[in-house]
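Hi everyone, thanks for coming.

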Amino acid sequence: MNGKIMLVGLGPGSHDHLTARARAAIAEADVVIGYATYIRLVAELLDGKEVVKKGMTEELDRAVEALDRARQGKKVALVSSGDAGVYGMAGPTYEVLFQAGWTPDAEIEVEIVPGASALNTCAALIGAPLTHDFCAISLSDLLTPWPVIARRLDAAAAADFVVALYNPKSGRRTGQIVEAQRLFLRHRDPATPVAVVKSAYRAKQRIEFATLERMAECEIGMLSTVLIGNSTTYVRDGLMVTPRGYAQKYDGTGASREGERAGRSLSTGLDGWLAAIRASGKSAAELAREHRLPVDYVEAVLAS
Ligand code: SAH
């Protein structure tokens, strides 16, 4: 019998948000491995299975253990909160497998079962904060140097992304969120909406709205995700909303604005913008400043 490793995303931790495939994967498994909290979340699905609880920092151990069991012909479910591929076990597992000489056509099959990640579930609880470009940044410096994290925070803040901060704070890591705030305030309005969602879809769920200016004062912990809006995000009636951009194209009555057409790129979309900058007679340097783009990029598009 061939072994199998299933990387199962449990979603936020409520049964209603566990996918049918995640449930079936756990049912199919002989062995279930995971951090104790996640094992607890699926406790009643574990009858008759071997359960291996591991601590938080033993990710590589968990992956090695999964490989050992799969080699014995067992079906192993490695359970993660959210999605196993988002700051989860999927990466370390493939790294351990590759190091052991595994290939996708080897006898051990690997399946990743997607789950709703914290950013999806936290967003759903507070409105519609992610309806425009967003990114996720983990503030954990356990495996990532601070300058790398700080550079990403700075770039995301400057580029006006909506940002989901994972691992924002723990008992020992309290300064990272303060630094994140400092970096964001260099680019963003202090009144930018922020939401802190703790334990989404779990018994201790808690939601707190704040502003960027007050972000670091919020109650934030290991089970919180912090969502920072972009320059157009607003909070109304307890809901955080990031406009999709329809106001750029349509007026209040639903009619297209002058020069815009439904189903077509904006007049300031790629083609319209190119035509406009070519016709402007302005220098690449001037255009670069105006549009906050690299000069060599503007030169290249003008020349193409
Ligand atoms: N694989 C997980 C993320 C693991 S990293 C996922 O896809 O969601 C752990 C971080 O995820 C926590 O520090 C927190 O920022 C976030 N997180 C996980 N579950 C959460 C929940 N139910 N509510 C709020 N944040 C959560």
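Let me start with Glu-28, which is partly exposed at 26% relative accessibility; here buried means under 20% relative accessible area, exposed over 50%, and partly exposed in between, with a 1.4 Å probe and protein chains only. Before I go on, please keep in mind that this is a predicted model, where local features need pLDDT of at least 70 and side-chain atom pairs count only at pLDDT 80 or more, while totals for chains, interfaces and linings use all residues. Residues are numbered from 1 along each chain as its sequence is written, and side-chain values use heavy atoms, with hydrogens and water left out.

So what does Glu-28 pair with? Its salt-bridge partner is Lys-4, with the closest N and O atoms 3.2 Å apart. By salt bridge I mean a side-chain nitrogen of Lys or Arg within 4 Å of a carboxyl oxygen of Asp or Glu. This pair links distant parts of the chain: Lys-4 sits in strand E1 (residues 4-9) and Glu-28 in helix H1 (residues 20-28), 24 residues apart. Helices (H or I, at least four residues) and strands (E, at least two) are DSSP runs, numbered from the N terminus.

Is Lys-4 buried or exposed? Lys-4 is buried, at a relative accessible area of 8%. Lys-4 also forms a salt bridge with Glu-111, at 3.0 Å from N to O. Glu-111 belongs to strand E5 (residues 109-113) and Lys-4 to strand E1, so this bridge ties together parts that are 107 residues apart in sequence. Glu-111 is buried too.

Lys-4, Arg-21, Glu-28, Lys-75, Glu-109 and Glu-111 are linked in a network of salt bridges. The count for the model comes to 15 salt bridges.

Let's move on to a helix pair. Helix H9 (residues 270-280) packs against helix H11 (residues 295-303) at an angle of about 90°, and their axes are 10 Å apart. The axes are lines fitted to C-alpha atoms, for helices over the stretch in contact, and angles run from 0 to 180 degrees between N-to-C directions. H9 and H11 are therefore roughly perpendicular, a label for angles of 65 to 115 degrees.

Which residues meet there? From H9 we have Trp-273, Leu-274, Ile-277 and Arg-278, and from H11 Tyr-297, Val-301 and Leu-302, with contact meaning heavy atoms within 4.5 Å.

How values were computed: Parallel < 35°, antiparallel > 145°, perpendicular 65-115°, else oblique.
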